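I opened a notebook page for this structure. I want to go through its strands, domains and contacts one by one.

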Amino acid sequence: MNEMRTLILDTAERIFRDICDQALVDKAEKGEWPAGLWQTLEESGLTQASVPEERGGAGGTIGDGLYFLKTSSRYVAPLPLAETLIAGVLLAEAGADVPAGPLTIAPVRKGEVIEFSDGKLSGTASRVPFAHGASAIIVATSAGLAIVDPESVKIDRDKSMAGEPRDTVIFDGASATIVGSVSPDRIWELGALVRSVQMAGALEGILAMSVQYVQDRKQFGRTLSKFQAVQQSLAAMAGQVAAASSAADTAIEATEAGDTGVAIAVAKARVGEAAGIAAELAHQAHGAIGFTHEYALHQFTRRLWAWRDEFGGEPYWQAEIGRQVARAGADNLWKFASRT
Amino acid sequence: MRAEVRAFLQKDYAAGGFGRGQEAMARYDVDFSRRWGQAGFIGITWPKQYGGRGLTFLDRYVVTEEALAAGAPVGAHWVADRQSGPLLLKYGTEEQRQRFLPKIIAGEAFFCIGMSEPDSGSDLASVRMSATRVDGGWKLNGTKLWTSLAHICHYMIALVRTSPVNPENRHEGMSQMIVDLKAPGVEVRPVYNLAGEHHFNQEVFTDYFVPDENVVGEIGAGWEQVMSELAYERSGPERILSTFQTLVELVRQVGDDPSEVEARAIGRLTAHLMTLRGMSVSVAGMLADGKMPVTEAALVKDVGTNYCKEVPEVARLICPPEDGAGNSKYEKMLKTATLIAPSLTIQGGTREILRGMIARGLGLR
């Protein structure tokens, strides 16, 4: 890891540890914007870590931004960090300046199209993350990439099961300027990438919580960690978490190298599967306390359950890989799988 | 390196040199191993003075994964290449290295692992085979069990007790010795597996003489030596490719225009394989850097062997063999994968032992 990345991750770790606690996440889920956390991250240059300096960012690579995102998810930071990262990448690719403040992107669901003609937008995007409160919505329209002022569109608020804003944005009649081109599937692909990375971070979080909990909690006169059944269960969970983390890191490295191949598809499919299995094991290890609102585990597991279905769940990406494998043919399967 | 191995395998296969199969460690072809050795693919990390190529551990990874992915019968030389040779390089005498390594590299000396015994499976520290001091060497009495391919191997590296059990420290008093399986005093008996195949053996030692020059490393240091040997055994490509040919034939069976359900199934199995490969390569990198990634290696073996077992279970649901689709190769691979599956999470450390090691790595024990 280079010096820049070490600095970014150390700074991030310190900020999240100091500020991003269970109470802050709880308040954010109830609708209170964590302005202090956002401001601290933005002032440290972390919210636009991978945007070039001349475009308003910190000048890191996309890998820097993605590993920062992984760290943020170990603390379930309740901010549109992933969406701001994608927006920054799209704008930088289009050669446009990146506005300050929290950003989001639209559309995020397959089949939704935002039309652009005569300077006006039309169409509706649903389940847009953190649309209200964003300083700009970066929209992949039929005519290219547009920067849209949230004040100029109608926003119906809703939330995911994780308590994260997922709003419906009605663009009809709003004006916009096209700042560059964007391929239609780019948001979808970057979305799958960031959710994989976020899930991998949250999975590391629930493994650490579970390991801590079974060492603290005593039953039958000994800590839960002394029971072989509990040890075996947590070891199985560690296997899922290690696989998820490896798949996410591989996707990050491939993106950094500019040749993603199927790495993002593999990551979303594999991490999504690990999320369900590991969340189940984490709750089982925690017993009843893990099912309460008072204890923080649900802040992680509700996000895992929500994120695994966004930007294509496991079946979508599995089928995508499967069709590519089938087209390549049986005798090329190994070449396909060992492509490095 | 990859291109060189692929070219050899394609040419050898095309010339009818071998048939593709699964659980390649259990499949052997002495002639193939000799060709493989003569092509320079055994002991490639070992120093040139013994006939090796002085290449990196990651080069070796590429060579072994290509052989396994091609379903080549690598069983005969497998143990010598993976662990006996490295053990001799690490703990053996110069005389032992010169005596054995060139023959291993040439594909002419095959080794097996003499660890388990009738009353000593997962609990390796309970081995009982005794070595008593005699003039010029040691006399062995006892039985080894589950020894893969001992019937075709020339040598075994046996873990024996050179002093009685110390209840305070059961890991004391063990030593490793090279056993010539063709010498008098050892009887190799077959143990047939559930498919009726001869892969395992039982060896009964009666006053078997081991000369001093065949002791590996320090007398009494057997436990530490064995533990370092096992790290190489856990995380290699063999733990993720045992049923790969079933997946290959499933892809062939499904064809180039799969249904949604078929595409999901092969896509899922491929995603798992690619992820496991990334994990396994990363452990190989740590081993190459001289680290001892015990927990990471155990994780790869646990997740990898579970995956290998899942492949035939998924395949049979997607393409039921009794539907008689006519691809007999698919049905053959599915059958062998189903029959070998139980062994995958037992050999080289059971699932329970591995998860215990992982739990220790997590700080739970």
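In which sense do β7(A) and strand β8 of chain A pair, and over how many bridges? I looked this up first. The model is predicted, and I keep that in mind throughout. β7(A) and β8 (residues 166-170) of chain A pair in the antiparallel sense, over 3 bridges. I noted one pair by name: Ile155(A) has Val169(A) in β8(A) as its bridge partner.

**Entry: the sheet around β8(A)**

I then looked for the rest of this sheet. It is an open sheet of 3 strands in chain A, ordered β4-β8-β7, with antiparallel pairing. Its edges are β4 (124-129) and β7 (154-156) of chain A, and each of these pairs on one side only. From one strand to the next, the twist averages 30 degrees.

**Entry: the four-stranded sheet of chain A**

Chain A also has an open sheet of 4 strands, in the order β1-β5-β6-β9, and here the pairing is mixed. Why is one side of β1 and of β9 of chain A left without a neighbour in the sheet? β1 (103-106) and β9 (177-180) of chain A stand at the edges with a single partner strand each, so one side of each has no neighbour there. Direction ignored, neighbouring strands of this sheet are turned by 35 degrees against each other on average.

I checked one pair inside this sheet. Strands β5 (residues 136-141) and β6 (residues 144-148) of chain A run antiparallel and are joined by 5 bridges. Val139(A) has its bridge partner in β6(A), namely Ala146(A). Next I asked which helix packs on the sheet. Helix α5 (residues 81-94) of chain A does, touching β1, β5, β6 and β9 of chain A. The direction of α5 makes about 75 degrees with that of β1(A).

**Entry: chain A as a whole**

I counted elements: chain A has 11 helices and 11 strands. For 340 residues, a compact globule would have a radius of gyration near 20 Å; chain A has 20 Å, so the two agree. The C-alpha trace of chain A spans about 75 × 55 × 40 Å along its principal axes. Of its 340 residues, 54% count as buried. I also looked at contacts in chain A between residues at least 6 apart in sequence: 70% of them join residues at least 24 apart.

**Entry: domains of chain A**

Chain A is divided into domain 1 (1-79), domain 2 (102-183) and domain 3 (186-337). Over C-alpha atoms, the centres of domain 1 and domain 2 of chain A are 23 Å apart. Their contact takes 5 residues from domain 1 and 4 residues from domain 2 of chain A. On the domain 1 side I found 4 nonpolar, no polar and 1 charged.

**Entry: chain A against chain B**

How many residues does each chain put into the contact? Chain A gives 34 residues and chain B gives 40 residues. Several helices of chain A each supply at least two residues to its side, among them α6 (186-216) and α8 (263-286). α7(A) gives the most, with 12 residues. By class, the chain A side has 20 nonpolar, 10 polar and 4 charged residues.

**Entry: a hairpin in chain B**

Last, I turned to chain B. Strands β6 (residues 186-192) and β7 (residues 198-211) of chain B run antiparallel and are joined by 7 bridges. Val188(B) has Glu203(B) in β7(B) as its bridge partner. β6(B) and β7(B) form a hairpin with 5 residues between them. In the turn, Gly196(B) has a positive phi of about 80 degrees.

Methods: Residues are numbered from 1 along each chain as its sequence is written. Chains are lettered from A and ligands numbered from 1 in the order in which they are written. This is a predicted model: local features need pLDDT of at least 70, side-chain atom pairs count only at pLDDT 80 or more; totals for chains, interfaces and linings use all residues. Two strands pair if DSSP finds at least two bridges between them. Axes are lines fitted to C-alpha atoms, for helices over the stretch in contact, and angles run from 0 to 180 degrees between N-to-C directions. Two residues are in contact if their C-beta atoms, placed from the backbone, lie within 7 Å. Ala, Val, Leu, Ile, Met, Phe, Trp, Tyr, Cys and Pro count as nonpolar, Asp, Glu, Lys and Arg as charged, and the others, Gly among them, as polar. Domain bounds come from an automatic or database domain assignment. The radius of gyration is taken over C-alpha atoms; the globule rule is 2.2 Å times the number of residues to the power 0.38. A residue is buried if 20 or more other C-beta atoms lie within 10 Å of its own, exposed if 12 or fewer, and partly exposed in between; C-beta atoms are placed from the backbone.
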